[in-house]
Amino acid sequence: MKEVTERDRRITFLQARREENDAGEEEVTGWEVLFYRWAAYEPVSDGERLRAAAVEQRSDARFRVLWSGPMVQITGAHRLRFEGADWQITGLKQRGFKGEIEITAWKIPEVS
């Protein structure tokens, strides 16, 4: 696998905007910007997807960003925006002590 180190893509981290509905339950009503970061982007290959037994037709990718204080709040409940599309975060992995964070995500299909 080719090592990607150049952080030349801008990504936006998003958090859910929640509001109470008529039944008194919280629901997600949209997504708001938390912060931006420069990231390296690497699409997951078909071979990797097959080895992971992923059968769904979707776009998976890895994004690598430098560790920073705001990054500690990011979880799978957040999303990221890249090249106009929203991506669901499915994994976070620290690479080195406070070095780089690898984010695995899949592209959320556009609703027509």
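What share of the contacts in the protein chain with a separation of 6 or more is accounted for by residues 24 or more positions apart?

1. Residues 24 or more positions apart account for 54% of those contacts, a contact being heavy atoms within 4.5 Å. The structure is a predicted model, in which local features need pLDDT of at least 70 and side-chain atom pairs count only at pLDDT 80 or more, while totals for chains, interfaces and linings use all residues. Residues are numbered from 1 along each chain as its sequence is written, and side-chain values use heavy atoms, with hydrogens and water left out.

2. Helices (H or I, at least four residues) and strands (E, at least two) are DSSP runs, numbered from the N terminus.

3. Of the 112 residues in the protein chain, 33% are buried. Buried denotes under 20% relative accessible area, exposed over 50%, and partly exposed in between (1.4 Å probe, protein chains only). The accessible surface of the chain is about 7400 Å², with 47% belonging to carbon and sulfur atoms; such areas come from the Shrake-Rupley method with a 1.4 Å probe, and for residues only the protein chains shown count as cover.

4. The structure has seven aromatic pairs. Rings of Phe, Tyr and Trp (its six-membered ring) pair if their centres lie within 6.5 Å; planes under 30 degrees apart count as stacked, over 60 as edge-to-face and the rest as tilted. Phe63 and Phe82 form an edge-to-face pair, 5.2 Å centre to centre with 75° between the planes. Because Phe63 lies in strand β3 and Phe82 in strand β4, this pair ties together parts that are 19 residues apart in sequence. Phe63 is buried at 0% relative accessibility, and Phe82 is buried at 3%.

5. The ring centres of Phe63 and Trp87 are 5.4 Å apart and their planes stand at 85°, so this pair is edge-to-face. With Trp87 in strand β5 (residues 85–95), the pair ties β3 to a part 24 residues away in sequence. Both Phe63 and Trp87 are buried. Ring pairs link Tyr41, Phe63, Phe82 and Trp87 into a cluster.

6. Gln15, in strand β1 (residues 9–20), is partly exposed, with a relative accessible area of 27%. Beyond its neighbours within four places in sequence, Gln15 is in contact with Gly30, Trp31, Glu32, Leu34 and His78.

7. Ser68 belongs to the loop between β3 (60–66) and β4 (79–82) and is buried, with a relative accessible area of 15%. Its side chain makes a polar contact with the side chain of Arg37 at 3.2 Å. A polar contact is a pair of N or O atoms within 3.5 Å; within protein, one must be able to donate a hydrogen and the other to accept it, and residues adjacent in sequence count only if both atoms are side-chain atoms.
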